[in-house]
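Please take a moment to look at the sequence and the model before I walk you through some of the parts.

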Amino acid sequence: MSNEIATRDEQQAVAPTENAPAIATPAPSASTTALMQWAQEASLAHDMATKLAATSFVPATLRGKPAEITAAILAGAELGLKPMATLKSIDVIQGTPALRAHAMRAVVQQQGHEIELVESTAQRCVLRGRRKGSDSWQEVTWDLQRAALMKLTEKAEWKKQPQTMLVARATGELCRLIASDALHGMPYVAEELGGITHAEVVPAKAPLSVAALATPQPAPAADTGYSVQVGTGEWDADAADDSTDWEPEEQGGAA
């Protein structure tokens, strides 16, 4: 009798558990889903980076470093740059990623903001720009006097290519002024931080596009004063302020 009662009690104790509805597993949150998608993209980017790491399409500062190439590709994607365009657009200066001046203008203009070159000489550069939908223009001026106050004119590239370096400085300052939200943590141009210059042939006042970054540019003529340097560079402690690789139109045609 006692055994029957014990068995019945055990069955009654187990029955509710067996008949209880299964607990639903909560669906992943939007942030978790986004993170999982990002991790998948990162894995694909690393596979791509591993294959590209030893090629000449990768800048010297990243060559042979698939992990850093992966990070560059992911960072470029957040700016709207495709992988190969990213490798032509981002330099790593002492561990800090920075956009080249032409790439920063492209990112800003891709968002619909406007940039115009007003004046560019070996002594002075004037750029102006305005946010998309705004009627107000912001103007930035960089000249040798301003550069000298920061002791920039003592640097080698400033002595060789002052016009190019003035444009680079003006680019960085103007883009931060009108569209800092488009830069996603890369507010300085590589020319500012590393004191280096990159050759590019860009028609004056012509809008730049991300697609244009992936198109090989013809080598500049010997008398343009441009040089190409993709090296480690040195951090410019005074760079926390302001960028050239444009030439303005001259009377009768483009530069």
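Let me begin with a term: contact means heavy atoms within 4.5 Å. What we have here is a predicted model, in which local features need pLDDT of at least 70 and side-chain atom pairs count only at pLDDT 80 or more, while totals for chains, interfaces and linings use all residues. Residues are numbered from 1 along each chain as its sequence is written, and side-chain values use heavy atoms, with hydrogens and water left out.

As for confidence, pLDDT is the predictor's own score for each residue, from 0 to 100; its mean over the chain is 76, and 66% of the residues reach 70 or more. Over residues 198-255 pLDDT stays under 50, and where pLDDT is low, the predicted coordinates should not be read in detail.

Now to the helices and strands, which are DSSP runs numbered from the N terminus, helices being H or I with at least four residues and strands E with at least two. Helix α3, residues 66-78, reaches 19 Å from its first C-alpha to its last, close to the 18 Å expected at 1.5 Å a residue, where the expected span is 1.5 Å times one less than the number of residues. Its buried residues (under 20% relative accessible area, with exposed over 50% and partly exposed in between, using a 1.4 Å probe and protein chains only) are I69, T70, A72, I73, L74 and G76. What covers these buried residues of α3 includes α2, α4 and β1.

Strand β1, residues 90-93, points I90 and V92 one way and D91 and I93 the other, and all are buried. Strands pair if DSSP finds at least two bridges between them; four bridges join β1 to β2, and the two run antiparallel. D91 stands opposite A98 in β2, and the hairpin has two residues between its strands, with Q94 in the turn showing a positive phi of about 45 degrees.

Which helix is largely enclosed by the rest of the structure? That is α5, residues 101-110, because nine of its ten residues are buried.

Finally, a nonpolar core is a set of buried Ala, Val, Leu, Ile, Met, Phe, Trp, Tyr and Cys residues joined through side-chain atoms within 4.5 Å. The largest one has 32 residues, and among those touching the most other members are L99, V108 and W142. Its largest share, nine residues, comes from α8, and a second, separate core of 13 residues includes A42, A49, V58 and L74.
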